[in-house]
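Here is a short briefing on how two chains meet. Look over the sequence and the model, then read on.

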Amino acid sequence: MEQLSPDPERQLQPAPQEPLGGPDAVLEAAAGEEAEGAGPQDSGGDAMAENNFWLKKIEISVSEAEKRTGRNAMNMQETYTAYLIETRSVEHADGQSVLTDSLWRRYSEFELLRNYLLVYYPHIVVPPLPEKRAEFVWHKLSADNMDPDFVERRRIGLENFLLRVASHPILCRDKIFYLFLTQEGNWKETVNETGFQLKADSRLKALNATFRVKNPDKRFTEIKHYSDELQSVISHLLRVRARVADRLYGVYKVHGNYGRVFSEWSAIEKEMGDGLQSAGHHMDVYASSIDDILEDEEHYADQLKEYLFYAEALRAVCRKHELMQYDLEMAAQDLASKKQQCEELATGTVRTFSLKGMTTKLFGQETPEQREARIKVLEEQINEGEQQLKSKNLEGREFVKNAWADIERFKDQKNRDLKEALISYAVMQISMCKKGIQVWTNAKECFSKM
Amino acid sequence: MAGGPPKALPSTGPHSLRDMPHPLAGSSSEEAMGGDSTPSPDLLMARSFGDKDLILPNGGTPAGTSSPASSSSLLNRLQLDDDADGETRDLFVTVDDPKKHVCTMETYITYRITTKSTRVEFDLPEYSVRRRYQDFDWLRNKLEESQPTHLIPPLPEKFVVKGVVDRFSEEFVETRRKALDKFLKRITDHPVLSFNEHFNVFLTAKDLNAYKKQGIALLTRVGESVKHVTGGYKLRSRPLEFAAIGDYLDTFALKLGTIDRIAQRIIKEEIEYLVELREYGPVYSTWSALEGELAEPLEGVSACIGNCSTALEELTEDMTEDFLPVLREYILYSDSMKSVLKKRDQVQAEYEAKLEAVALRKEERPKVPADVEKCQDRMECFNADLKADMERWQNNKRQDFRQLLMGLADKNIQYYEKCLMAWESIIPLLQEKQEAK
C-alpha cells in the first residue's frame, strides 16, 4: 500500500510560525522562515501570489450562519445551515485588515476537508470538527441541529477548527485547505480529484493490523491506550456534568416559587409586607440567574468535547503506525518465505510445503529449465521485495519520527488548553458563588426589615 | 355589618372591644381605660386562674360571683410582659440534655427541664425535672382545657409520618428538643398561661404521673363555663375583628403550607444535585491518574468539588432541621388558633341566642336574667383574652419569621462562601507553571 508522505505538491510556501490562541487569532507568516524544512518551491505563477498571501497576517473567522434550503443528491428538498468564512489579511504597517476572501460553506464540506487531511497527513493529529449531532445534552438544552444556540456553538466550533488547522505548522500549508478558504465553487470537485477517498485505509485492514502486529513502537501503544482512556473519562465527565447542570437548573428555578408566594403573603401582612415583597423579588432574580450561568458553562463543555474528539484523532495516528508496522512485518515475512523457497529450489531440499512440491510428487519432477526459470522469478521477486522492504522501513521510521514530533506538540497544546479550560471553569464557579452571595445578602436585608 | 341582636343590652353587639366598658369597671380602673398611652385596655382584662390568691390593688375583693373575676394584681406582671429584654423577667425555663431510656415495655427519650424563678408561686428558686413527650402533650391538653380563651402554643408533631426518620437519631431528637424548648418559652412569656397551675406542676413536680392520676381539675370559672358551652347555636354576625383574624389565619396557613412545599421541593432538588456532584468530583480524580502535567490541577478540581458537595450537604441538613420544623409549628399554631376562634363564636352565639330568647319572652323586667349576664361576661372575657393573645402572637410571629428567614438567607450565604473559598483556593494551583516532566 502506497505511503503518502508530506507531499510538497500539497503544500504552500513558506511556512508560518507559532500556533494560535483563541478565536479571531492572527496567523503570522514570516517571509523566508521555514519551520518544517519545506520542500522544493511550487512551480507556476500561482506560487508567487500564494507567497505574497502568506507573507501577510491572516485572520480567519466564521462570522455568520444562515439557514438555507436546497436540493440534495436525491433531488429532495432539504434544509441546512451555511457558514460564512471570512479571511482577512492585515497589513503590517497600519494594522488595518482587508477582506480578501469570503465564502459560504456547509458542515459537510468541512467534513470533506477533514477527511482529506486525515488521508494525506496520517502522521498528524488532525484537529477535530465540532460534533455532528448534539450530545451530552441536559434537558433545557436543545438536541435539535436547527436550534439557534446549537448553530451558534457550532459556528464557534467550526471557526476553532479552521484556526487550529491554520496554526498547525504543516497543515496550514496545504493547498486544499487554502482553496477551502478561497475557492467557493468547484472546491468539492478539486478535493475529489485528488482521489483521496481511494487512498484511505480500509477500516477492516486497520483493525486487522491492530490485532496482528507483533512489534509496534511501544510509545505508540502507550499513546493509543492513553487516548482510549482519555476518551472514556471525558465521556463520563460530560455525561455527569450534563446531569449536574440539569439538577442545578432545578434548584435555582424552584426558588422562583418563593418570589410568588412571598408576594401573596405580603398582601395580608402589615409591617412584614414590604420586607417579604422585596425579598421575593430577589428570589426571582436568583431563579433567573441560572440561565446565563449554564450558558457560560456550555463553553467549558465544548472545550472538553474538542479534546474528546482529539483523542480519536490521536488514536488514528497510532493505528496508522500499527498498520504500517504490520505491513512492514508482512513484507518482511513474505520476503523471508520467498528467500527460503529460492534456497530450497536451488539446493533441492524441500523443507517448506509448496504447491510446486505437491505437484512434483503427483505429476513428476520438473525439468531443470523449469526450475531455473522459477528460481529466476523468485530472485527477481526477492530483489524487488528487498527494495520495498528497505523503503517501507525508511517510510516507517520517517513516519514514527514525524508522528512522534506531532504527538509531542499535541501533548503540549493539550496541557495548555485544558489548564486554561479548568481555570476558566473555576472562574465561572467563583462568579456563580459571588452572585449567590449577593442575592442572598440582599434578601437577608429585606428580611431584616420585616 | 349585619343587624345585631334585638334590643341589645348596652354592652353587646359588634363594638370594638376598646369602646366596651369593662364588665367590672369600677372607678379605680376606669382611668386605665381608653387612653392610648396606657397598655392596651385588653391587657387589663386578663383572667385569673383561680379564685384563691386574688389580690386587687385597691384591696377589694372580686366583685360579685356571677361575673368572672378580673385580677388586677396581674397588672404589674402584665406590664412586665412587654419587656422582651429579660431584665424584669422572673421566670426562665430551658429544655436540654435529651436521654434515652430503655425499659422492658418501651424505649423513650426524656428531656431535662430547668426552671429558675423568683415568683412566689414557686417554692424553690430552682428546679430540675425530667419529662418526656407525652408529659408535654398532657400539659398542652390541660392548658387547652383550663385556658380555653387563650392561644396555646403548638407542640412538634407527635408521630413522624415520613417513615424513614429514626425517632432516636441525633438530628430528630435535637429538632424536637428545640421545638419543646420553644413551646415552654412561649408559655413562659405568656402573662396568663405562665401562671397556670398545671404548668407549675409540670415544671416542679418530682412525680408528674401521680399528679396526673389525681385528675385535679383546676379550671378557671371561665374555663369551666366555656367548657360547657353547647355548640348548637348559630352565630349571627362575627365581629369584624374576629372575622378578619379568621380570614388572616386561613390565608396565612395556606401561604405557609405553600412555603413548606416549596422548601421541601428545594431540599429534594438540592439532594439530587448533591448525588450528581458526588459522582462528578471523582471523575476528575480518575482523569488525573492518566495525566502528567495536568494531574495536580485535575486532582485539585476534584477536591474542590468534594468540598462544595460537603457544603451543600450541610445546607440541606440545616434546612431540614431548622427551617422546616418552624414552618410546620406555625401551621399547627394557626390550626389550633382557628379552633379557639370557633369556640369564641360558639360562646357569642349562645349568648345571642339566650338574649333573643329573653327578649321574646316579652317580660317587662328590666333586669337581665343572671344566666344571660353570665353569657355576656363569658363572651366579653373570651374576646378580650383572644384579642390580647392575637396581638402578642402577631408580634412574636413577626420576630420569629424575621429570624427564620434571615437564618435561611444566612445558611445560603454560608454555603456559597464555603464554595467560593474552595474555588478561589485552587486558582493558584491551576495557574502554577509545572516543571517539564
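Which side chains meet in a salt bridge at 2.6 Å, N to O? They are those of Glu291(B) and Lys414(A). A salt bridge puts a side-chain nitrogen of Lys or Arg within 4 Å of a carboxyl oxygen of Asp or Glu.

This is a predicted model: local features need pLDDT of at least 70, side-chain atom pairs count only at pLDDT 80 or more, and totals for chains, interfaces and linings use all residues. Residues are numbered from 1 along each chain as its sequence is written, chains are lettered from A and ligands numbered from 1 in the order written, and side-chain values use heavy atoms, without hydrogens and water.

**Size of the interface**
- Contact (heavy atoms within 4.5 Å) involves 54 residues of chain A and 56 residues of chain B.
- The two chains bury about 5400 Å² between them, and carbon and sulfur atoms give 75% of that.
- Buried area is the accessible area (1.4 Å probe) that two parts lose on being put together, summed over both.
- Arg247(A), Tyr258(A) and Lys419(A) supply 12% of the area that chain A buries against chain B, more than any other three residues.

**Charged pairs and helices**
- Nine salt bridges are counted between chain A and chain B.
- On chain A, helices H8 (218-266), H9 (273-347) and H11 (368-448) each supply at least two residues to the side touching chain B.
- H8(A) gives the most to that side, with 24 residues.
- Helices are DSSP runs (H or I, at least four residues), numbered from the N terminus.
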